[in-house]
Amino acid sequence: MERKWWHEKTAYQIYPKSFMDGNGDGIGDLKGITQKLDYLKGLGIGIVWISPIYRSPFVDQGYDISDYYGVDPVFGTMEDMDELLAEAKKRDIRIVMDLVVNHCSDRHEWFQKALKDPFGKYGDYFYIKEGKNGKPPCNWRSYFGGSVWERLPGYENLFYLHMFAKEQPDLNWENPELRQEIYRMIRWWLEKGIAGFRLDAIINIKKDLRFQDFPADRDDGLCAPAVMVRHAKGVHDFLREMKREAFAPYQAFTIGELFDFRPEEMELYIGKNGCFESIFDFSPHVLGGGEKGWYDRKPVTPDAFRNAVYESKRMSQSIGMMANIIENHDEPRGASRYLPEAGRNETGKKMLAGISLMTIGLPFLYQGQEIGMTNKRFRSIEEVDDINTLDEYQVTLGQGFDEAEALQIVAEMSRDNARTPMQWSSDLYAGFSKAVPWLRENDNYREINVAEQEGRADSVLSFYKKLIALRTDPVYTEAVVYGEQIPVLEEETNFIGFYRKGAEKTLLVLANYRKEKREVTISQAIKKVIIDNCEDRDCREHLIAKTGEGSRISMEGYQFLVVEVGN
């Protein structure tokens, strides 16, 4: 693997609307982010990805962009953006922005012009097709439910395609003029000094141009959008061109959001000559998914989580470095999703942190993850803002569940769980704002917040700082960042174990993914305990005993260990 500047960094995602309110209007903004740069620096963060701050009607919370060159007034001004870039640079923090170019907003100038003349220049910036006897051209389902086709206003048999909300028309990447518009915009932002982009839903830019029906997979007669993606051919041609014309001249850091890529094509994405620097490892996130909807989901078991992590690293580590995530703005909180009820405490949260940061890859934290924020308790569907959750609520009601049952089902997976305000303190509104937040704070902010954990050596926040610091420790960087990941004790259930083998040091990572104690035996002697999530807790016992040339390790429930062993 060719070594890059970003390999030893730790990254952090900011959802700006909910991170910090700098002007007291209840909505997070760019000034709020700038105010918290010292916090991020102290945490050990080197890369910050900021979700969209472009002008938008906010149908999909900023992922519907109406002006790629403008900062939405809700977040501040371009001068605020310039200040953020300058202050981040002083702290050696690189800023990465969201690049949303599969679609734009229906309020964008291009789409407004297409509405006036669907057969003209701007009509070809989108997928506008004739229907079949007044019905949509094909039976693809959008990611947010319903058909991907929406009737073009004023035309009986013309439809435009939207893989997401109807207010997010897909851009026609087959049009070279449209692609050049996008590349100009990318270069403009890179000239301003951003380090690169996270590429949203990027695999969707290539469509199956046959626009044919596929077998329906639900009662609505439609098929999942992933089916179309699997049939689409040629996305790499677009991605290679974008890299050549927009990213490469600036040596931009790029990370792709790819849910539906073919594993055999990994080298095309992150290999030596890949389209991106990295892609997110979503292998744990797709676990338990139901084909019928959220009501059809299954709980994620510790062993399924472990197997997903093992398999993705077996596949990727000889090719390139994926990015490890527990949660993001589109997912529920990791502590609520991946930890059994008995493990949803600080010990379990530290274990989950350790697994993520010690697995080979670029760690990406999501705001609040470092203090163990959890899912919110929604009392009614009126408290929900997320368009995806509202659609799944209707799907669930349609399956015969009552309102209370449907709310409980969708609340577990709602994207709003991750979008509640960052919990800075026990002050009013969690210290996020002096005004009522745009989305109400989680009720548990008085118990879980930064201020309380910053002053406590055994907090989840302190544990994250230890893990992050290990990546830049000259003694262990080679093993933690670049060392081969080799599974161990795979026969154990509810357990994760692997070596990180560097040229000079070998670390052993062990996680007892259950509430009951256990003993495990390894063939090497333990040289040193590096990380232990029970170190400052009553749950720690004298845990290591020699057994001949090896070691017997006694582990408490949800205990996480990193130990140095002989090479």
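Helices (H or I, at least four residues) and strands (E, at least two) are taken as DSSP runs numbered from the N terminus. The model is predicted, so that local features require pLDDT of at least 70 and side-chain atom pairs count only at pLDDT 80 or more, whereas totals for chains, interfaces and linings use all residues. Residues are numbered from 1 along each chain as its sequence is written, and side-chain values use heavy atoms, without hydrogens and water.

L489 is located in the loop between β14 (484-487) and β15 (495-501). Its phi is near 55°, a positive value in a residue other than glycine. With a relative accessibility of 14%, L489 is classed as buried (under 20% relative accessible area; exposed is over 50% and partly exposed in between, with a 1.4 Å probe and protein chains only). The loop between β14 and β15 also contains N494, a non-glycine residue with a positive phi of about 50°. N494 is partly exposed, its relative accessible area being 26%.

The axes of helix α12 (residues 346-358) and helix α16 (residues 460-471) come within 10 Å and cross at roughly 15°, the axes being lines fitted to C-alpha atoms over the stretch in contact, with angles from 0 to 180 degrees between N-to-C directions. The two helices are therefore roughly parallel to each other (angles under 35 degrees).

Notes. Parallel < 35°, antiparallel > 145°, perpendicular 65-115°, else oblique.
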